[in-house]
Amino acid sequence: MENLTLDENNAGGAPPPQQQQQLLGPSPQNQQLPPQMFTTAAQLLDMTDKKLMVALRDGRKLIGVLRSWDQFANLVLQSTIERLFVPPPSSSPTSTPTKPGETSQTQLGLYADIPRGIFLVRGENVLLLGEIDLDKDDDPPPGYEKAEVELVHRLAKERKAQEAKREKVRSAKLRALGFEGETTAEASL
């Protein structure tokens with residue numbers, strides 16, 4: 001097969017050395033990828049020894065210092081706390097909307113921190129992670145106030161039970177209309 005070129009002087013098909021340099025760009029030894037180019041666990045290199053918040057697939061939120069990681073994004077967090085949240089009630093009889101998104105009496109959600117120590121997180125369970133701003137670290141999350149662990153845990157359990165009941169009713173209504181849920185086969189076994 002013949003190599004064709006637009007350059008009449010170069011019948012062999014290879015571009016002249018100056019053109020090769022223009023096409024290839026700088027030599028490979030001078031090239032360096034910016035950190036934004038890493039889409040693998042190597043991006044964790046910049047986060048090592050920094051305080052992170054890690055959201056897990058099961059809904060838990062962990063806050064700790066990233067000490068180690070591997071190629072699978074398995075994480076070792078030190079001085080870890082698990083932060084439990086109970087969002088504010090969606091509708092309260094004492095609050096009346098004044099504008100969309102506003103209430104005359106704002107009710108705050110609750111949160112509590114449970115110390116967990118050193119925590120190993122399997123990489124496939126990480127949903128989201130990010131660095132914590134140390135200047136705002138001691139501030140409570142916006143819209144939440146700190147409460148006792150037992151209270152927050154009990155309220156979270158109650159809320160989860162209410163959501164499960166609501167989901168069961170919803171699934172029953174959908175089944176009556178002819179829709180099957182994802183876990184219908186599992187439930188019938």
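Me: What makes Glu158 and Arg154 a salt bridge?
Reply: The closest N and O atoms of Glu158 and Arg154 are 3.2 Å apart, and a salt bridge asks for a side-chain nitrogen of Lys or Arg within 4 Å of a carboxyl oxygen of Asp or Glu, so the pair qualifies. This is a predicted model, where local features need pLDDT of at least 70 and side-chain atom pairs pLDDT 80 or more, while totals for chains, interfaces and linings use all residues. Residues are numbered from 1 along each chain as its sequence is written, and side-chain values use heavy atoms, leaving out hydrogens and water.

Me: Why is Glu158 called partly exposed?
Reply: Its relative accessibility is 40%. Buried means under 20% relative accessible area and exposed over 50%, with partly exposed in between (1.4 Å probe, protein chains only), so Glu158 is partly exposed.

Me: And why does Arg122 count as exposed?
Reply: Arg122 comes out at 53%, so it passes the exposed cut-off. Its side chain also meets Glu124 in a salt bridge (3.2 Å, N to O).

Me: How do you know whether Asp113 is buried or exposed?
Reply: Asp113 has a relative accessible area of 18%, so it falls on the buried side of the cut-off.

Me: What makes the Asp113 and Arg83 pair a polar contact?
Reply: Their side chains come to 2.7 Å. A polar contact is a pair of N or O atoms within 3.5 Å; within protein, one must be able to donate a hydrogen and the other to accept it, and residues adjacent in sequence count only if both atoms are side-chain atoms.
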